[in-house]
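Thanks for making time this morning.

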Amino acid sequence: MAKGAGPNTARQVLVVAVLAVAVAAFLAVAAERHGFFDLQVYYGAINYWANDGGELYDWIRINTLYGFTYPPFAALTMLPMALVSWPVAIVISVTASVAATLLLLFWLVDPVARRQGWTRWYALAVVACLAAAFEPLRETVNFGQVNMLLLILVAADLVLFTSRGSRWAGVGIGLATAIKLTPGLFIVYLLVTGRWRAALTASGTAAVVTLVAAALLPDASREFWTQALWNTDRVGVLSFVSNQSLQGVVARLDPVHPNRVVWLVLVVAVVGYWVWRVRAAVARGDEMTGLALTGIVTCLVSPVTWVHHLVWLIPALLLLVDNGLAAPAGSRRRRALLGLAAVGYALLISRLVWQWQVDFSGVDGFLGSNAYAWISLVLLFALPIRDRSAGSDRAGIADLGEDVRGEAAGAGDAVDAARPVRR
């Protein structure tokens, strides 16, 4: 051990411990307790279908209008819940979300820590503590949602396979799309950035597992694709403040008759700008920014983006920090990027939009109730694209690749606040 390493490690452990206690105290005051509402829906529907002989989409949670809203293939992936008790299902859900979060944070933070000369475990621990306070992530855990599992499937696909032209490129995106339709925008991402084989693999994977689900669950598949998918009552009210998509913004202007034309114009404009940006990102080898930009647009253009879906903004916020630290010390660019990341993070732990949950009228209501949608738009426009195609700045994807190859070689050598909200 190098001289001074012991005291330095002790200080780092102390800092992490103090930060963890501070975050725990913050969560005790600020975090809503949803009683794993969404997990209850999954668990109830799966058990009703697998153990009680009922139809998957006929099950409705008592005293609500909410039932299972995902495709039948999602039900097949959740089938093990029929074999475990409710407490075990909670443990599995929380453990899976935490593990997926830590893996994503490692991919994003570790290359930055190495370039900056930080202690790697310390950097990850600090960011993990801060992530625990992030409202979309804490809502994902408290609802028992699947958001982080989908995000890690997509990120793993892009980081480990697509960026290297692997024959497995697209499989993770296809599986995520078959579980929940919104990650399907990443298939479009592959198409517009010219990765035709990966796009075909993703589409084929989604189609094959969907057909397998149809063969195993013909009645459920028929009901989902012809009825449940189109029944908006199973999802929730578009104008509800938790809906931080462009559709939610428009719906809050006129909850009774939302202007679909305005919404479509906004979607076309955002998608057009996104296509231009992601093509530029991939051309410069910046796959992580392509992931982040697509995650942002997924949140914006989806008709319903509840607050817990905004975990897709995590890559963008961390990449802002990465780009800020890469800028010259004391520069205006460095201050602007780090400042924007800090403001975005502060707003997304604050539960700000809920202040207008009952009344979102007026200028203050329009600005405040849509605050998270504004953050998404700012990130879409402000997130820099870096040239990672060659040289020492080829960070993130390449660094991770070296880690994965090195570890493999080493192994070989060794041997809703007031009402429940929905997906």
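This is a predicted model: local features need pLDDT of at least 70, side-chain atom pairs count only at pLDDT 80 or more; totals for chains, interfaces and linings use all residues.

Residues are numbered from 1 along each chain as its sequence is written, and side-chain values use heavy atoms, with hydrogens and water left out.

Thr 64 sits in the loop between helix 2 and helix 3 (72-77), helices being DSSP runs of H or I with at least four residues, numbered from the N terminus. With a relative accessible area of 18%, Thr 64 is buried, a term that stands for under 20% relative accessible area, using a 1.4 Å probe and protein chains only.

Turning to helix 2 (residues 37-50), its axis comes within 11 Å of that of helix 4 (residues 86-116), and the two cross at roughly 125°; axes here are lines fitted to C-alpha atoms over the stretch in contact, with angles from 0 to 180 degrees between N-to-C directions. That makes helix 2 oblique to helix 4, because angles under 35 degrees count as roughly parallel, over 145 as roughly antiparallel, 65 to 115 as roughly perpendicular, and the rest as oblique. On the helix 2 side, Leu 39, Gln 40 and Tyr 43 meet Trp 86, Ala 89, Ile 90 and Ser 93 of helix 4, contact meaning heavy atoms within 4.5 Å.

How much of helix 12 is buried? Seven of the eight residues in helix 12 (residues 246-253) are buried, so this helix is largely enclosed by the rest of the structure. Those buried residues pack against helix 13 (260-283), helix 14 (287-301), helix 17 (362-369) and helix 18 (371-382). Where helix 12 starts, a side-chain oxygen of Ser 245 reaches to within 3.3 Å of the backbone nitrogen of Gln 247.

Finally, Leu 313, in the loop between helix 14 and helix 15 (314-326), counts as buried at 0% relative accessibility. Leaving aside residues up to four places away in sequence, Leu 313 touches Ile 296, Leu 348, Ser 376 and Leu 379.

Key: Buried means under 20% relative accessible area, exposed over 50%, partly exposed in between (1.4 Å probe, protein chains only). A polar contact is a pair of N or O atoms within 3.5 Å; within protein, one must be able to donate a hydrogen and the other to accept it, and residues adjacent in sequence count only if both atoms are side-chain atoms.
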